[in-house]
Amino acid sequence: MNSISPSAAQYTGGVMQDELVDSRRQQHMERQSSFALRPPQTPDASREATGEPDEVDKLKAKLMSAWNNVKYGWTVKSKTSFNKISPVTVLGHSYLLNSEDEVERFHLAFVSRVWLTYRKEFPQLEGSTLTTDCGWGCMLRSGQMLLAQGLLVHLMPRDWTWPDAQQLTDVDFEVFRPRSPARAVGVPILSFGSPRGSNTPERSLPSDNVPRRSQWTRPECARDRQAEPIHHRLVTWFGDQPPAPFGVHQLVEIGKSSGKKAGDWYGPSIVAHILRKAVATASVVHNLAVYVAQDCTVYKEDVVRLCDLSLSETPAERSSQAWKSVIILVPVRLGGEALNPSYVECVKNILKLECCIGIIGGKPKHSLFFIGFQDEQLLYLDPHYCQPVVDVTQDNFSLESFHCSSPKKMPFSRMDPSCTIGFYAKNKKDFESLCSTVSEALSSKEKYPIFTFVDGQGQDYGLECHSSNHSGSAAHILPSGKLGRSNNRRNSDEFVFL
């Protein structure tokens with residue numbers, strides 16, 4: 001397992017002690033309640049009995065939180081290994097870790113992604129006694145991270161990085177030199193990710209093997225610092241309070257229209273539609289729409305109708321910008337019970353594109369947010385860590401728990417075939433470019449691509465039927481020679497098998 005900062009590890013230990021105490025208390029209360037059922041109850045006892053289920057539910061929630069801290073807690077200090085021969089790809093950017101500057105750029109790029117994890121002790125979710133999403137909300141958290149990445153691209157300066165990323169000094173990865181290009185196992189070389197200010201002497205290596213540390217600084221640092229108020233405000237939108245437009249409380253509330261409730265498992269397809277509706281109803285984000293593909297197909301005319309404000313009948317919208325930026329979410333299934341290896345290269349090609357904002361998927365019942373890869377391993381952010389709730393209504397609240405310094409990897413072969421891929425286009429020109437570049441990335445020797453872009457409109461199912469974006473229905477319009485896919489869907493996790 002990968003590691004977190006020492007302070008976070010101490011917190012994990014503290015949580016476990018508290019939860020074990022709660023566990024003992026619950027056992028004691030259960031023994032008492034089992035004996036209390038036998039004698040006749042007094043009025044006071046009846047009132048206590050009336051309140052007992054709520055207390056038991058709260059204790060069960062705490063026990064579940066404790067269990068998930070044991071199951072997913074990062075308490076063992078270890079490091080993820082990267083080799084210096086193959087490039088690391090992170091959302092359209094490539095880093096060859098053979099110099100200090102490149103490692104530093106990779107570190108900044110990774111840490112700057114917004115990391116959203118399980119939280120505990122937030123206000124009770126409506127209709128339940130839950131005050132934590134630990135153990136069931138990982139797909140919602142992955143969806144939040146995907147949306148947060150789209151909002152970063154939408155609102156922040158190009159190639160923005162978090163100016164305070166350097167404060168996360170526990171950089172938990174090492175760079176390796178493979179013994180041969182064809183062999184993944186490597187021998188360790190100098191770790192460029194060592195904390196700044198360390199007094200540990202560096203082993204001297206020949207200059208032709210390891211470049212000397214340079215005093216590299218980002219010229220955009222001042223620009224990025226000026227954008228920090230936007231960064232803070234963006235994170236507040238994902239706060240764990242009911243008013244937050246993209247917080248767990250709001251996402252769970254939206255999911256109720258699809259028969260979901262707090263504590264249920266959410267698949268990547270239904271989360272895509274929840275995010276679409278959340279953005280559509282939010283007043284904090286302007287000039288942005290979310291389109292969800294249907295039947296593994298992006299219908300271009302549907303996107304145009306959603307984004308081209310000149311088609312609107314509202315004068316106020318006509319006077320604003322002519323085109324809305326758009327986040328395109330494509331739910332797909334890349335195989336049957338397991339990932340079809342034929343599509344690994346396509347997934348790599350997608351993650352190489354600058355318009356890609358990530359993939360929500362993971363392993364069965366274990367959601368992850370994929371943001372890149374190296375060789376045959378995916379790079380991801382893991383929501384499976386339970387942290388205390390942060391009051392984002394306070395001025396200058398700490399952002400440290402919303403960013404992660406521990407890159408984690410897993411083999412493509414362990415990737416669940418059910419996932420949702422995200423893209424972002426700022427304007428009409430970018431959307432047209434996106435259609436072209438993504439189509440090229442999807443080209444392979446396989447008979448069927450992962451998904452397609454076609455002209456025309458798709459049929460609207462609405463959120464309740466897990467489809468897309470407009471009212472009314474229209475016939476599918478496919479290019480000649482292409483066959484339409486079936487529109488029948490039984491549930492949110494069913495896709496066209498490729």
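## Ground rules

A salt bridge here is a side-chain nitrogen of Lys or Arg within 4 Å of a carboxyl oxygen of Asp or Glu. By that rule, a search of the whole structure turns up eleven salt bridges. Please keep in mind that this is a predicted model, in which local features need pLDDT of at least 70 and side-chain atom pairs count only at pLDDT 80 or more, while totals for chains, interfaces and linings use all residues. Residues are numbered from 1 along each chain as its sequence is written, and side-chain values use heavy atoms, with hydrogens and water left out.

The predictor's confidence in each residue is its pLDDT, on a scale from 0 to 100. For the protein chain the mean pLDDT is 76, with 64% of the residues at 70 or more. Residues 180-216 have pLDDT below 50, and beyond near neighbours in sequence this stretch makes 52 contacts in the model; a contact means heavy atoms within 4.5 Å. Residues 470-498 also have pLDDT below 50, with 64 contacts beyond near neighbours in sequence. Where pLDDT is low, the predicted coordinates should not be read in detail.

## The chain as a whole

The protein chain holds twelve helices and 16 strands. Helices (H or I, at least four residues) and strands (E, at least two) are DSSP runs, numbered from the N terminus. Among contacts in the chain between residues at least 6 apart in sequence, 74% join residues at least 24 apart.

Of the 498 residues, 52% count as buried. Buried means under 20% relative accessible area, exposed means over 50%, and partly exposed lies in between (1.4 Å probe, protein chains only). The chain exposes about 23300 Å², of which carbon and sulfur atoms supply 51%; accessible areas come from the Shrake-Rupley method with a 1.4 Å probe, and for residues only the protein chains shown count as cover.

A nonpolar core is a set of buried Ala, Val, Leu, Ile, Met, Phe, Trp, Tyr and Cys residues joined through side-chain atoms within 4.5 Å. The largest one has 120 residues, and those with the most contacts inside it are Phe 246, Phe 423, Ile 450 and Phe 451. Helix H4 gives the most to this core, with eight residues. In soluble globular proteins, nonpolar side chains tend to be buried together.

His 154 is also found in H4. Is His 154 buried or exposed? With 9% relative accessibility, His 154 counts as buried. Leaving aside neighbours within four places in sequence, its contacts are Val 285, His 286, Asn 287, Leu 288, Ser 325, Tyr 424 and Lys 426.

## Salt bridges to look at

Start with Arg 141 and Asp 240, whose salt bridge brings the closest N and O atoms to 2.9 Å. Arg 141 lies in helix H4 (residues 138-155) and Asp 240 in the loop between helix H6 (228-236) and helix H7 (248-255), so the pair ties together parts that are 99 residues apart in sequence. Both residues are buried. Asp 133 joins Arg 141 and Asp 240 in a network of salt bridges.

Lys 120 bridges to Glu 121, with the closest N and O atoms 3.9 Å apart; Lys 120 counts as buried at 10% relative accessibility, whereas Glu 121 counts as exposed at 55%. Lys 256 and Glu 253 meet in a salt bridge at 3.1 Å, N to O. Lys 256 is partly exposed at 32% relative accessibility, and Glu 253 is partly exposed at 36%.

## Strand E12 and its partners

Strand E12 (residues 377-381) is mostly covered, with four of its five residues buried. Strands pair if DSSP finds at least two bridges between them. E12 pairs in the antiparallel sense with strand E11 (residues 366-374) over five bridges, and Phe 369 stands opposite Leu 381. The E11 and E12 hairpin has two residues between the strands, and there Asp 375 takes a positive phi near 55 degrees. E12 also pairs in the antiparallel sense with strand E14 (residues 408-411), over four bridges.

Which residue of E14 stands opposite Tyr 380? Tyr 380 faces Lys 408. Tyr 380 is found in E12 and is buried, with a relative accessible area of 7%. Leaving aside neighbours within four places in sequence, Tyr 380 has contacts that include Phe 110, Leu 368, Ile 371 and Met 410. Tyr 380 and Ile 360 are 20 residues apart in sequence and 9.6 Å apart in space, C-alpha to C-alpha.
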